[in-house]
Amino acid sequence: MPYEVNGVVAAGKGAPVSVQKIIVPDPGPGEVVVRVQACGVCHTDLHYREGGINDEFPFLLGHEASGIVEVVGAGVTNVAPGDFVILNWRAVCGDCRACRKGKPWYCFNTFNASQPMTLASGQPLSNALGIGAFVEKTLVHAGQCTPVDRRVSPDVAGLLGCGVMAGLGAAINTGGVSRGDTVAVIGCGGVGSAAVAGARLAGAAKIIAVDVDQRKLEWAKDFGATDTVNARETDVVEAIQGLTDSFGADVVIDAVGRPETWKQAFYGRDLAGTVVLVGVPTPDMTLDMPLIDFFSRGGSLKSSWYGDCLPSRDFPMLVDLHLQGRLPLEKFVTERIGLGDVEQSFERMGRGDVLRSVVVFD
């Protein structure tokens, strides 16, 4: 029978979110009901609330989550009741042209649950990134569940479901950072700090953190930054070059996603260096640059979507590294909150007071 649970809903553009009763159906073929244990408050959730993704209100927010599989539908074989899982929003199909090429992290036909969750009135909900996890129980496609070692704390495990994975993957998967490299990260919020942690994990010799907020630069040092640049006080490109023997960094990661920061990344890299864009620009943003600069500098210009991750490969590996003490995921958790505190956490996020607020369920 369907479940009646509490969840956080964005009812209209810019309106404060509220806790409402949610109806979760029994899982159909290929679907799973997960009892959510923790869910991070990601900036993407705020984008949904503000109508920055689309206008398909009402939204059931939350997507950076971990929990326990409660019930599985027909045909589900990859998870079983009792499994501890991290949820992901790119459940690969295994059959599209990207998957057939052996690059499933580019899957063009990802899965979500077929049935909608609804308000008590019966009105269907749009799930944030196809998940909707600010809720006591959620319905997802089985492919959105990745089993991991249950020794990891749920509040840190769930962060791999979005922001932390995006940053780590931008450095390791997309940027291909390797031992001895010089790396610069522009923007040191949650995603940027994760990129710093990823560069350190990969063995970078020098990691330059760039931000306009001194607090975030201090956070970046906690994750392995060897040098910091306050962009309010100095020219970013000159500072990066000054820290890299005038060459520029091997890899520069733009975790902001604005034309001015992308240009800083472009000109702050070595001649054959790599630029990785992981910060998300808005549709109206444009670049105006001399084409000869692209031709004359070589190297690679890349975008990183979800850190080019493959959840079945990356989540268990990163959890193991955390349990070994090599990846300090716990440092990303600034505060643990309840369902009714999400609106206030958006305000703290806007002020830059937190890396991550995490909703924790009893």
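Me: Which residue meets D213 in a salt bridge?
Reply: R215, at 3.1 Å from N to O. A salt bridge here is a side-chain nitrogen of Lys or Arg within 4 Å of a carboxyl oxygen of Asp or Glu. This is a predicted model, where local features need pLDDT of at least 70, side-chain atom pairs count only at pLDDT 80 or more, and totals for chains, interfaces and linings use all residues. Residues are numbered from 1 along each chain as its sequence is written, and side-chain values use heavy atoms, with hydrogens and water left out.

Me: Is D213 buried or exposed?
Reply: D213 is buried at 18% relative accessible area, while R215 is partly exposed at 37%. Buried means under 20%, exposed over 50%, and partly exposed in between, with a 1.4 Å probe and protein chains only.

Me: Which residues are linked with them in a network?
Reply: R351 and D353 join D213 and R215 in a network of salt bridges.

Me: And how many salt bridges does the structure hold?
Reply: There are 15. One of them pairs K137 with E70, with the closest N and O atoms 3.0 Å apart. That pair links distant parts of the chain, 67 residues apart: K137 sits in strand β9 (137–141) and E70 in strand β5 (64–72). Strands are DSSP runs of E, at least two residues, and helices are runs of H or I, at least four, numbered from the N terminus.

Me: New topic: what is P259 in contact with, beyond its sequence neighbours?
Reply: Leaving aside neighbours within four places, P259 contacts M285, T286 and L287, contact meaning heavy atoms within 4.5 Å. P259 lies in helix α8 (259–268).
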